Amino acid sequence: MEMRMCGIVGVTGTNQSVSILIEGLERLEYRGYDSAGIYVNDQSGNDYLVKRVGRIVNLKNAITPEISGSTGIGHTRWATHGVPSETNAHPHFSNDERFYLVHNGVIENFKQLKEEYLSGVEFKSDTDTEVIVQLIDRFVVEYNMDTQAAFLKVLRLVSDDSSYAFVLMDRETPDTLFVAKNKSPLLVGVGDGFNLVASDAVAMLKQTHTFMEIQDQEIVVVKPAEILITDFDGNEMKRDTFQVEMDASAADKGTYPFYMLKEVDEQPAVMRKIVQNYLNEDGDPVVDSQLLESIKEADRIYIIGAGTSYHAGLVGAKMFEQLTNIPTEVHISSEFAYEQPIMSKKPFFIFLTQSGETADSREVLVNVKKQGWPSLTITNVPKSTLSREADYTMLLHAGPEIAVASTKAYTAQVAVEAVLAKAIGEYLKHPRAAEFDLKHQLGLVAVGMQALVDSKEKLESVASRYLSKPRNAFYIGRGTDWSVALESALKLKEISYVQAEGFASGELKHGTIALIESQTPVIGIITQDRTAGLTRSNLQEVISRGASVITIVTKHLAQTDDTIVLPDVDPLLTPLLSVVPAQLLAYYTSLGKGLDVDKPRNLAKSVTVQ
Ligand code: G6P
């Protein structure tokens, strides 16, 4: 079975289609891919299919001057099974070369479809996508169906557990894109005399700021001056457009060598943006009162997330418990989806997801909705799937995050959780919430972050001295510092491929300390009064066994030989600062090794398969 996170772009009604497709695919590079392809048709009987393995630049180099057209589709494919190859790359086409299709997702029943309907048909690739395009062709050619009807018939045959975003082209109606989605993201970009579709608005921002949602179980027919949406029963659906006021350059690297560094640097500005959006002049949170009322009824908060978002949840749980007194649990979405614990009577669910598209998290949300439990999605992407499907949404306002390793989305998640925790706490008249001067504190955090991002040279030299050679490294801490240790270790392993673990520092001696050898890097995070002395003792234990120790310590707990000193802020908010040096240590370790910081091997930014 082939699995994809893949990026899709389609356009019709402009002779710039080739460059729009290529630039759009570049904007979707963050999704991860290992091959790319485009198909364009010039409406006068000429069409072109180009696919290349590897980076988009290979595809670009293969495009000769005669390749042009006014309608086209493009795709970046990310394979976990099966080698990336030109034949497996999209667009796929029917044997008579009439239909061309790009697909993001997994067709779970493709083998059955192939056996049942396509015996004797010769296949060029190993993909489930090719089965779909051959099947559409069969229904059109042999059963004389029109293309839309054949497309619908195939969509109905696709099993419910499948996921897809499809854009189909037919040589007989070369100005038309046939579009459908289920679980995988896809939206329409509305232009003047031309229209687009893509997996993410970011891929279309250069052409338009006006968009239209596509819902699951709809077919959208996109022509240069017309967008027609129908449901699977043929009913025409009216859909309002919406505006995304994001500047296309917000997704540009500018003078930065990598997006990750730009995104780390943006964190002080993101903190200020969150203050502007969520705290009024008096510092009171501005949060939907219905949301607060709904959480007020809850006897327990369940935070669900994957990867970095899960780590942000661990930090947030402590804020919810301390500021609201509501017991809070944090779960990895892929675990919770299949091993649900015994639930409290009145749960409230918070989904943390930068992209709003993570399939593991969505699986939980679908189930939560079935049970009738209330939910909030905290996400960076307006109108994303998890945002649309939860009862409430709070946006991160972090601007597009392109690097695979998440940085500003993590700190934005922690800050928005703080806003929400304070808002609920005040609503419940919990004294600690009223005392918590979040506006002032986030101001201190922004200044502190700025000082940390300005100390890059120091972090670069620490990274090169301690982290460039060893194969293993450990981050340790207790309580909230342990939560940050988990995130810090994830950053390091994701982009520098150093095997890094985050440990509860008291737990090291119960087994893991056996791994400490001469010069094994151990990075201690110390920001909490109650546990500072204990973590220092744990660091002594590893020093005695030869470890190279680096410390990240909050100012009032610092000692003369600490490596990195963080400005003092409220103990609930120290993760916003302690994570920044860890992000930069990961960045410089990766950079020092000459790796592709933004696009680490085997990883994708948005994981839309389970
Ligand atoms: C992928 C990304 C991670 C991210 C995780 C959850 O694995 O590589 O950086 O933390 O997905 O993504 P989400 O969009 O739900 O926060």
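Predicted model: local features only at pLDDT ≥ 70, side-chain atom pairs only at ≥ 80, totals over all residues.

Biologist: Which residues does the UniProt annotation "active site" cover?

Modeller: C6 and K605, according to the UniProt record, an unreviewed entry. UniProt positions are given in the numbering used here, feature names are shortened, and annotations may be inferred rather than shown by experiment.

Biologist: Why do they gather at one spot?

Modeller: They span 600 residues in sequence, but no two of their C-alpha atoms are more than 10.3 Å apart, so they come together in one place.

Biologist: Where is C6, and is C6 buried or exposed?

Modeller: C6 sits in the segment before β1 (7-12). Strands (E, at least two residues) and helices (H or I, at least four) are DSSP runs, numbered from the N terminus. C6 counts as buried because its relative accessibility is 0%; buried means under 20% relative accessible area, exposed over 50%, and partly exposed in between, with a 1.4 Å probe and protein chains only.

Biologist: What does C6 touch?

Modeller: Leaving out residues up to four places away in sequence, C6 touches R31, H75, T76, R77, W78, H103, N104 and S199. Contact here means heavy atoms within 4.5 Å.

Biologist: And where is K605?

Modeller: K605 is in the segment after α19 (575-592), and at 12% relative accessibility K605 is buried. Its contacts, not counting residues up to four places away in sequence, include Y30, R31, Q354 and E401.

Biologist: Which backbone oxygen lies 2.8 Å from a polar atom of the K605 side chain?

Modeller: That is the backbone oxygen of A403.

Biologist: Switching topic, which peptide bond is cis?

Modeller: The one from H90 to P91, with omega near -5°. P91 is in the loop between β4 (71-77) and β5 (92-93).

Biologist: What about phi at N325 and K383?

Modeller: N325 has a positive phi of about 70° although it is not a glycine. N325 lies in the loop between α9 (307-324) and β16 (328-332), and is exposed, with a relative accessible area of 59%. K383, also not a glycine, has a positive phi near 65°. K383 is in the loop between β18 (375-379) and α12 (385-389), and is partly exposed at 35% relative accessibility.

Biologist: Now the sheet: what order do the five strands have?

Modeller: The order is β16-β15-β17-β18-β19, in an open sheet with parallel pairing. Two strands pair if DSSP finds at least two bridges between them. β16 and β19 (392-395) are at the edges with a single partner strand each, so one side of each has no neighbour in the sheet. The twist averages 20° from one strand to the next.

Biologist: How many bridges join β17 to β18?

Modeller: Five, linking β17 (residues 347-353) with β18 in parallel. L352 stands opposite I378 in β18.

Biologist: Which helix lies across β15, β17, β18 and β19?

Modeller: Helix α8 (residues 289-296), running at about 115° to β19. Axes are lines fitted to C-alpha atoms, for helices over the stretch in contact, and angles run from 0 to 180 degrees between N-to-C directions.

Note on methods: Residues numbered from 1 in each chain as written. Heavy atoms only, no water. Polar contact = N/O pair within 3.5 Å; in protein donor to acceptor, adjacent residues only side chain to side chain.
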